[in-house]
Amino acid sequence: MAEPTPTRDDAEARAERAEAALEGLVAERNRLWEELHRQRAGEKEAAYYRTLYEQVVFSRSWKITAPLRNTKWLFKQIPELARRLRRFLSHRPEAPT
């Protein structure tokens, strides 16, 4: 048996399907391209802020003022430590007499 010869309509239909598939692939490529650029921008922003953080934390002034920050933190903890001590003392079992 001989294969039927493709008609012009078949070729046009195949061409339309190929164009539609190509448009879909181009749209997907464009979406991925935009996503890549957003990701790279996010990475650059993160690197920028990481650099700023490191500049501050490793600066001489940050190191010099560390004792002040630690003392401030300690004074902020005193009320919480006092609450814990009162709670502990109030729930302490009584000594037998």
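Where in H3 does a kink of about 35° lie? I will come to that after the overall picture.

This is a predicted model, in which local features need pLDDT of at least 70 and side-chain atom pairs count only at pLDDT 80 or more, while totals for chains, interfaces and linings use all residues. Residues are numbered from 1 along each chain as its sequence is written, and side-chain values use heavy atoms, with hydrogens and water left out.

The protein chain has 3 helices and 0 strands; helices are DSSP runs of H or I with at least four residues, strands are runs of E with at least two, and both are numbered from the N terminus. The radius of gyration, taken over C-alpha atoms, is 35 Å, well over the 13 Å from the globule rule for 97 residues, so the chain is more spread out than a compact globule. That rule is 2.2 Å times the number of residues to the power 0.38. The C-alpha trace spans about 110 × 50 × 20 Å along its principal axes.

Of the 97 residues, 2% count as buried, meaning under 20% relative accessible area with a 1.4 Å probe and protein chains only; exposed means over 50%, and partly exposed is in between.

Now helix H3, residues 66-90. Its 25 residues should span 36 Å at 1.5 Å a residue, and its end C-alpha atoms are 36 Å apart, which agrees. The kink lies at Ile-78, shortly before the proline Pro-79; the bend is the angle between axes fitted to the seven residues ending there and the seven starting there.

Ser-90 also lies in H3. Its relative accessibility is 53%, so Ser-90 counts as exposed. Its C-alpha atom is separated by 72 Å from that of Val-26, 64 residues apart along the chain.

Conventions. Expected span 1.5 Å × (residues − 1).
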